[in-house]
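Welcome, and please open your viewer. We will walk through this model one selection at a time.

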Amino acid sequence: SKATVSVLNWAWCGVARGPCAGAVCVASMPFLGAAVGLAGTSTLFVGHGLSDKRRALVLKALQAIPRHDGKVSCEDAADMLEVHCVVEHHVAYVAVAARDLEDLGRRRIAYAYLGDIKDRFKAEYAGGVSRYCDVTTLSETTCAPFAATLAARMKPAEDGDQIKAAQMHLEEIHEVMRVNIEKCIARGERIDDILVRATDLENNAFKFNKSARKLKTKMWWRDKQIVIAVALALTLLVGGVAMYFGLLEGEDAAEPDAAAAAPAGPVNATG
């Protein structure tokens with residue numbers, strides 16, 4: 001079957017034939033198996049943790065990858081597996097892992113593990129890490145003892161990732177900071193509500209004060225109007241009474257004067 005292989009820091013790239021359809025470079029979960037074989041062929045020198053299905057997957061990956069140096073990862077979406085490969089001088093170092101799209105650091109762990117396996121394999125079968133293996137001297141029989149090394153180095157590769165531990169610590173710090181920011185935002189919202197309410201109260205107090213001043217002025221004018229009306233009424237009343245009594249006095253004074261001014265009548269004399 002055809003598979004698309006994504007390449008990271010490779011000397012070669014492109015479309016290759018692989019173990020699954022639509023394979024892409026992703027992260028991986030803990031290792032399930034490892035192997036050493038000949039790139040571009042179905043030759044497997046040594047393996048560890050390979051069930052029949054995983055062995056078939058590794059053989060297909062060996063046939064798919066080029067024989068020149070590089071790194072590649074591909075996935076088997078059907079079985080939720082990933083295959084990570086490091087190739088050097090025709091020898092392919094392969095690790096099989098469970099597929100985990102969320103753990104982006106697992107590919108780095110796989111390549112670190114395979115780099116360690118490559119150095120140990122070269123030290124044992126090439127005479128040193130700086131030398132290359134002679135593939136004509138490699139076989140399942142000669143490489144069988146190396147299965148113990150594959151198994152022994154698998155766990156340290158997973159536990160020794162200090163970058164992964166640092167990332168987990170950073171994630172914890174990020175979560176704490178996120179919670180604190182949410183709390184600050186919540187407090188900020190409450191403070192904003194208090195400020196809005198305070199502003200409303202201030203506006204209402206200003207309106208009330210203004211209305212109170214208007215009402216006070218209105219009541220003052222009403223009191224003044226009442227006082228003026230009462231004073232005017234009293235003035236009119238007093239004036240009316242004074243005029244009334246003045247008229248009466250004038251009439252009383254006029255009556256004696258009229259009586260004095262009247263002529264005397266004839267006097268009858270007898271006698």
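Start by selecting Ile226, Val230, Leu234, Leu237, Val241, Tyr244, Phe245 and Leu248: together they form a nonpolar surface patch with about 750 Å² of accessible area. Such a patch joins nonpolar side chains (Val, Leu, Ile, Met, Phe, Trp, Tyr) within 5 Å, from residues with over 30% relative accessible area and no salt bridge; a salt bridge is a side-chain nitrogen of Lys or Arg within 4 Å of a carboxyl oxygen of Asp or Glu. Accessible areas come from the Shrake-Rupley method with a 1.4 Å probe, and for residues only the protein chains shown count as cover.

A note on what you see: this is a predicted model, where local features need pLDDT of at least 70, side-chain atom pairs count only at pLDDT 80 or more, and totals for chains, interfaces and linings use all residues. Residues are numbered from 1 along each chain as its sequence is written, and side-chain values use heavy atoms, leaving out hydrogens and water.

Now pick Phe245 alone. Phe245 sits in helix H5 (residues 162–260) and has 47% relative accessibility, so Phe245 counts as partly exposed (buried is under 20%, exposed over 50%, partly exposed in between).

Next, select helix H1, residues 52–64. H1 has 13 residues and reaches 18 Å from its first C-alpha to its last. Within H1, colour Leu57, Val58, Ala61, Leu62 and Ala64, which are buried. They lie on the same side of H1 because they cover an arc of only 165 degrees around the axis.

Methods:
Helix = DSSP H or I, 4+ residues; strand = E, 2+ residues; numbered from the N terminus. Expected span 1.5 Å × (residues − 1). Buried < 20%, exposed > 50% of the residue type's maximum accessible area, 1.4 Å probe, protein only. Arc of directions from axis to C-beta. Patch = residues over 30% accessible without salt bridge, like charges linked within 9 Å, V, L, I, M, F, W, Y side chains within 5 Å.
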